[in-house]
There are 2 protein chains.
Amino acid sequence: MKQESESKRKLLEAAMEMIWESSYGSVSVDDICTKAGVNKGSFYYAFKSKSDLAVAAFERYWENKQPRMDTIFSPQASPLERLDNYCQLIIKDQKQKYQSFGKMLGCPFCSVGSELSTQDEKIRLKAEQMSRRVIKYHESLVRDLAAAGLIEVKDPAELARELYSYVTGVLMQAKIENNVKHVERLQHGVMRLLGIKEQLATAAP
Amino acid sequence: MKQESESKRKLLEAAMEMIWESSYGSVSVDDICTKAGVNKGSFYYAFKSKSDLAVAAFERYWENKQPRMDTIFSPQASPLERLDNYCQLIIKDQKQKYQSFGKMLGCPFCSVGSELSTQDEKIRLKAEQMSRRVIKYHESLVRDLAAAGLIEVKDPAELARELYSYVTGVLMQAKIENNVKHVERLQHGVMRLLGIKEQLATAAP
DNA sequence: CTTGCGCTATACCAACCAGTCAACTAATGT
DNA sequence: ACATTAGTTGACTGGTTGGTATAGCGCAAG
């Protein structure tokens, strides 16, 4: 169980941040190395290619994010609470990025996936995997909402995917219009899509 | 009223196609020139910069697309017909691109907007303008659906935007998962988001 | 001491990048 | 016949790209 080298860690972190803030295409390997304070030789010792690094950075980001997602989607909370906390998490994260970078960054997986899906199959697959992971949370949430009689649904998997499409669509529009307000209204549309009356939601235990 | 030069036209067409198929970052000015059969000098005679060309190509694309949109969203058709035709148009266009390019391309404005919104303000603004244009159609549709008593809505502008977020989100996911099926199911989610019972929809005149 | 190994440092590459330029052609106006 | 203008050409620039080659470092085991 060898532990990961310091440079690898710094490269992953720098790459994630820079690619998220700009785009894959506009960030060079040299940029990443400089930011990480690592030499190019070390870069290509740690990663086969730029696109390999991107994939690894995505995986790393997910590893850090998963615990928070597990907490939010824990069956310990009522489905409405989960839904609310989920929306709040997205809003909080986006606002925080907006403050640090002075602009809306949206969802990193979607931005890069959207940029490179037709260009780089490994990156496309990684972005697809990320979608699937998040959709799993949505799916169990949708089932629990249905079980609680809060929504009507024939195909929970499809509704989960629809929910995901909506959420990522909102994030993308917020990025394109560079406006936090659009994420702030996230919950309204989520409720409408699921078919939950707002009153019920706010009156949740 | 001087007519536009042939090279300019060819450049706009080539640029739109290549950037849509790949991405802004992965298509070079030389690539576009080669494809358009135009020399580099002529490129920079016609356009100030690569990013200027992209903006112009978007505008050109819209000019070609608008008449079809006007037809589909014409008040001559019932709101449900409009909605249905709109979904069908998206599905048809995406399938056609899928056939020609062998992969899902999604929405060009969103892909490029998502790629470059944090990098190039002119492109961001153009992508934003495109969103607004489409949302206008959604807005009048939503109002007419409400007027016909088919949906309940407090803020039509917001619902129109939610609809747009959903549609673009679906297109993005279809691109990332490289799967036409996800666009084919577009209408189902649209109906759910609007709150229209499917039976009513299929039974529309 | 020395061998071996994980990692780093630096120099280097050919290809490519966006953008420039002065010379050129062709058509039009006088 | 000449001047003006609009558009074209392709070589050129200076910098950047992703990726490589290789020598060297520090350190731990033999």
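**View 1. B:Glu59 in helix H4 of chain B, in a predicted model.** B:Glu59 sits in helix H4 (residues 50–72) of chain B; helices (H or I, at least four residues) and strands (E, at least two) are DSSP runs, numbered from the N terminus. A residue is buried if 20 or more other C-beta atoms lie within 10 Å of its own, exposed if 12 or fewer, and partly exposed in between, with C-beta atoms placed from the backbone. B:Glu59 and B:Met130 stand 71 residues apart in sequence, and their C-alpha atoms are 8.6 Å apart in space. Residues are numbered from 1 along each chain as its sequence is written, while chains are lettered from A and ligands numbered from 1 in the order in which they are written. The model is predicted: local features need pLDDT of at least 70, side-chain atom pairs count only at pLDDT 80 or more, and totals for chains, interfaces and linings use all residues.

**View 2. The surface near DNA strand D.** There are 17 residues around DNA strand D, and A:Ser28, A:Ser49, A:Lys50, B:Gly41 and B:Tyr45 come nearest. Here a residue is near a molecule or strand if its C-beta atom, placed from the backbone, lies within 6 Å of it. Two or more residues each come from helix H2 (29–36) and helix H3 (40–46) of chain A and from helix H1 (6–21) and helix H3 (40–46) of chain B. H3(B) gives the largest share, 4 residues. The surface near DNA strand D has 4 nonpolar, 8 polar and 5 charged residues. In this division Ala, Val, Leu, Ile, Met, Phe, Trp, Tyr, Cys and Pro count as nonpolar, Asp, Glu, Lys and Arg as charged, and the others, Gly among them, as polar.

**View 3. The surface near DNA strand C.** Among the 16 residues around DNA strand C, A:Asn39, A:Gly41, A:Ser42, B:Ser28 and B:Gly41 come nearest. The elements that give two or more residues to this surface are H1 and H3 of chain A, together with helix H2 (29–36) and H3 of chain B. Which element gives the largest share of the surface near DNA strand C? It is H3(A), with 4 residues. By class, the surface near DNA strand C has 3 nonpolar, 8 polar and 5 charged residues.

**View 4. The contact between chain A and chain B.** Chain A and chain B each put 40 residues into the contact; two residues are in contact if their C-beta atoms, placed from the backbone, lie within 7 Å. On the side of chain A that touches chain B, at least two residues each come from helix H6 (108–116), helix H7 (121–147), helix H8 (156–176) and helix H10 (186–194). H8(A) supplies the largest share of that side, 11 residues. The residues of that side divide into 9 nonpolar, 20 polar and 11 charged. Of the interface residues of chain A, 100% are also interface residues in chain B, so the copies meet through the same surface.

**View 5. Helix H1 of chain A and A:Ala15.** The buried residues of H1(A) include A:Leu11, A:Leu12, A:Ala15, A:Glu17 and A:Trp20. What covers the buried residues of H1(A) includes H2, H3, helix H4 (50–72) and H6 of chain A. Leaving aside neighbours within four places in sequence, A:Ala15 is in contact with A:Ile32, A:Leu53, A:Ala54 and A:Ala57. In the largest nonpolar core, which has 115 residues, A:Ala15 and B:Ala15 touch the most other members. Such a core is a set of buried Ala, Val, Leu, Ile, Met, Phe, Trp, Tyr and Cys residues joined through C-beta atoms within 7 Å.

**View 6. A:Asn178 and its loop.** A:Asn178 lies in the loop between H8 and helix H9 (181–184) of chain A. A:Asn178 is not a glycine, yet has a positive phi of about 50 degrees. Most residues other than glycine have a negative phi. A:Asn178 counts as partly exposed, with 19 C-beta neighbours inside 10 Å.
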